[in-house]
Amino acid sequence: MTDMTMPKTEGLAVSSQAYRKRIKKRYAAERRFRAYGIAAIAVAVAFLIGLLGTITAKGAPAFLQTNITLNIFFDPEKIDTENLNGVNFQAMARNALYDMFPEVTERREKRQLGQLISVAADQQLREMVRADPSLIGQRKDVQLLAGDDLDLVVKGTYDLSQPEAERPVSDVQVAWIDKLQAQGHLARGIAWPFLTTGDSREPEMAGIWGAVMGSLLTLSVTLAVSFPIGVLAAVYLQEFATKNRWNDLIEVNINNLAAVPSIVFGLLGLAVFLNFFGMPRSAPLVGGLVLALMTLPTIIIATRAALAAVPPSIREAALGVGASELQVVTHHVVPLAMPGILTGTIIGLAQALGETAPLLMIGMVAFIVDVPANFTDPATVLPVQIYLWADSPERAFEARTSAAIMVLIGFLILMNAIAVVLRRRFERRW
Amino acid sequence: MSHSLIFAVLIVLTLIGYYFGRSQATGILRSGTTGKLHSLPFYHGAYLAFMVLLPAMGFIITWLVISPMLADHFMAQYIPGAATMDAATLGLKMSDVRNMANGGITSGAVDEATQIAADFYSRFNQISLWLLSVCSIAVAIASFHFGRKLIALRFRARNHVEKIVRVIMIVASMIAILTTLGIVLSLIFETLRFLQKVPLADFLFGLKWSPQTAMRPGQIGSSGAFGMLPLLAGTFLITLIAMSVAVPLGLYAAIYMSEYATPRIRGIAKPVLEVLAGIPTVVYGFFAALTVAPMLRDLGVELGWVISAESALAAGLVMGVMIIPFVSSLSDDVINSVPQTLRDGAYALGATKSETIKQVILPAALPGIVGSVLLAISRAVGETMIVVMAAGLAANLTANPFEAVTTVTVQIVTLLVGDQEFDSAKTLAAFALGLVLFVITLGLNVIALYVVRRYREQYD
Amino acid sequence: MSISTQEKPAVASPKTSSSDVKIAAKDVCVFYGEKQALFNVNLDIAANQVISLIGPSGCGKSTFLRSINRMNDVVPSCRVEGLITLEGQDIYDPEIDVVELRARVGMVFQKPNPFPKSIYDNVAYGPRIHGQATGKAELDEIVERSLQRAGLWNEVKDRLESPGTGLSGGQQQRLCIARAIAVSPEVILMDEPCSALDPIATARVEELIDELRQNFTIVIVTHSMQQAARVSQRTAFFHLGILVEEGDTDQIFTRPSDERTQDYITGRFG
């Protein structure tokens, strides 16, 4: 003990000037340290608010669309009822617009004017005629989908103070749009195409329904594969496996698998499912399988924790009346652990829903217009759709991307809310 | 008869097996025999159901593996000159035949031989499917009859069923092993093929990465360069930026939450961090590319720095925020597991809270914190979407965070997305990079888990 | 079909010995891994009586109890040597189904451990998995009879569907006893059944044990010597894994033949 050799101290001079100063400094350090902690959390919170705020601000307008009301003449001479698909309805819509702006005569300007209507107008009008052939020969006010540039001007997305050459709309177009708006030909409505259709090259026609269906199909494969396998594996490891090398290996292996980068699972899917087993590319089946392998460790770990929380006295009680080990597990332990198991599964599925990288590897990035209806149809999923749209040059896709993110996050919130409710309502504290 | 129909028939047979077994067992009871059934009728039913299902399933799986091999083998004989072709050409020809038989598109003009081969191929598959249907159902019925005879008063149906279920559970727990094995084998196998085309030293130590190889042999400018050092440098640059955001923020957040925060603040801050962890990476990528990167570029203009539109900085900063929750939640656990006695010891000497934390708690928790940082690094190295969307494709060997860099994961994605040829050095390179990534992350995880475990043992 | 007339499981072989020995232990040694917990225990337990196993903590009495219905099987490192017979049949014979054994040898645990299910389901669980009732009516009858025997029927008959975990501690333990006797075992093992109960509940359970003696053979592990004296006809004293002595309860408590027993019952250790 070094203290022994030290001279006898005078005791702490609590009232001395030097000590006071020192205390003050120490408290200042204390406050600084505390402030760093608050600052760290504040940065995280600010980032989250910034992220969600930007995305909501950018994405919300995409749920609405601008419609343009045109007085269409369903010219019987131009409509061949035998061959509706061959009829140029787009020209019909454009002509109606030209009639409103008789002063526009030059070809280049006419083309610019025509761009104010979406190319979807063709299909819209065709469907109308198909549904009601009596329209032919009539003149009628019809609401048609506006082009993406008109839509963005109306929504105020474009900065019109920029020089004309640097923005996608010309001054004349802006003037026409102002006139249309002043005359009450433009109306806002819910963007049904966005919510109900598949992808498209035209921003105003591109929808997320295809991606939503793709995600649902993919996730149902993931659930169907990973839930039973994960629960069976966890029950085995937690309730039956004796401690030996082999089971240790399985355990270490599951923990490591949980930390393997997701893209490596994509490589596995590409090499094994596509190249070795020859499964179809871009299919929800393969995507679901890859995500199932990724989700498996999450489910196994959560299930084991839930099983471990069931007190041993329940197992003893059941064994005591002569239940077999399997009956103990299936009649008592698993039902009691079920809320925890389901919570873990939902959280695992939520992760899988947000996963992008592995699906890129197995070809789910293709441009797919049709809404998938089957596990082997080519499909894409919500996060991949976001990635694709984020890469698209058209300005209107930026809002669509943000809106798609809002939908994705909406699903995630829903799933996590279910998990929280399950945990609160049914989880037992022993 | 299609595959799904076979499965449907099998499932019906299985159900019949179940009900038959159950009623047989109840019948024994009713017939007035003295004694007691060993197992409940349910187990007799379940036993018979397994007896019907499992052998037939095993048969079907074996058939589905063998049949395409046989089909290819016989079909190859219809392709003229198959014996003299090299493997790649033959493979192309055979996939043509397969596509044609399935009514798809072929790569070249259709000649008569291909047509004949395709006809044979589809006929073979039809016959195979019929045989499969008949045989699998025959197997199911045969095993049903065999199993039915076993049902008796003292037949231990429950024990048999439990044994089967236990085997099924063991198989389920081996899926995890199989997955790892699948990853390792497929990566190694493809990497070996890659190394036949590109020497190992060039790959590991090359300073130039430009994987544009020729689609056809003899094309000009076909010499791709596969040196992975620029990718590793880019990966580590971005990881470094991310960690310099995530470690201080995550650590301070964890300290504040575990040592200072009132339950109310904790109740707000913890979910916020969890939400950060739950946001899909593609969303971070979008935010980095469309909001953070332009903001940095504008900021650079103000300050007179040149920050490119796709910069390591933007990707790294956003990735750092994404990783905060990983650092903070693990560190939180670690700090909480430091025994209260250590804290008390420091407080009793008159140390302030921050002094206690800095001089007592953090040193004690250091191994655990190191472990959590290592796990976070492994996360950052393997992260894909943020860098794909915000870091760029240019393989610059640079330490300047304002420039665009590329990473291992970005290159894997670029090499494999889009049209690809499975034997080209370009696609194989992706697997080699995958192997590198797997080895790095695995190494980090193993070390981290080891460190954390040692730390836990210290205080448990 | 009433419980008392129910047939014995068919594995039961005819009684071998002339006396009514229900359970016989011969040279029983139990190991947990390397550690030996029981040393050459020899003990005969006669039918339709209560035997108490007493001794200080860690003396092996619970270990011995748990080897009688092979509850030790669930401890991976546990190994049992020697011979334990139930009506002359080796219970560690590989031919024996442990599930059937436990249906014949029921168990009540230290802490009441009702399943988190209804009172009815708690009692009905055993008969269900052993297929002892062919219909709902019969099951109802078994449940009622078991609860009556456990002296709980009058307290719970109006709330059979409420959860068993909602009962008081003493009621829970009687529910566990009802659950054990519902499968009409031949032997009931009780591992300190009253240690978690208050004195009044303890008295109820002790009364119950005395009544149950008519139909069952009961082996009870207890820490309380008074309890052993009150409920049992025979008493066995364990010390450091050795069965020191066994005899009529009166004799053990008044004229023990071994010095260690003497020291224990007079409170010199334990």
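How much area is buried between chain C and chain A, and what share of it do carbon and sulfur atoms give? The area is about 1,600 Å², and carbon and sulfur atoms give 65% of it; buried area here is the accessible area (1.4 Å probe) that two parts lose on being put together, summed over both. The structure is a predicted model in which local features need pLDDT of at least 70 and side-chain atom pairs count only at pLDDT 80 or more, while totals for chains, interfaces and linings use all residues. Residues are numbered from 1 along each chain as its sequence is written, chains are lettered from A and ligands numbered from 1 in the order in which they are written, and side-chain values use heavy atoms, with hydrogens and water left out.

C:Phe115, C:Pro116 and C:Tyr125 supply 31% of the area that chain C buries against chain A, more than any other three residues. In this contact (heavy atoms within 4.5 Å), 21 residues come from chain C and 17 residues from chain A. One salt bridge is counted between the two chains, the term meaning a side-chain nitrogen of Lys or Arg within 4 Å of a carboxyl oxygen of Asp or Glu. It joins the side chains of C:Arg66 and A:Glu316 (2.7 Å, N to O). By class, the side of chain C that touches chain A has 14 nonpolar, three polar and four charged residues; Ala, Val, Leu, Ile, Met, Phe, Trp, Tyr, Cys and Pro count as nonpolar, Asp, Glu, Lys and Arg as charged, and the others, Gly among them, as polar.

The interface of chain A and chain B comes next. These chains bury about 6,400 Å² between them, 78% of it on carbon and sulfur atoms. Chain A contributes 73 residues to the contact and chain B 78 residues. Here too the rule finds one salt bridge, in which the side chains of B:Glu355 and A:Arg26 meet (2.7 Å, N to O). Helix H1 (residues 17-59) of chain A provides the largest share of the side of chain A that touches chain B, namely 22 residues. That side divides into 53 nonpolar, 13 polar and seven charged residues.

Chain A as a whole has 16 helices and three strands, where helices (H or I, at least four residues) and strands (E, at least two) are DSSP runs, numbered from the N terminus. Along its principal axes, the C-alpha trace of chain A spans about 110 × 80 × 40 Å.
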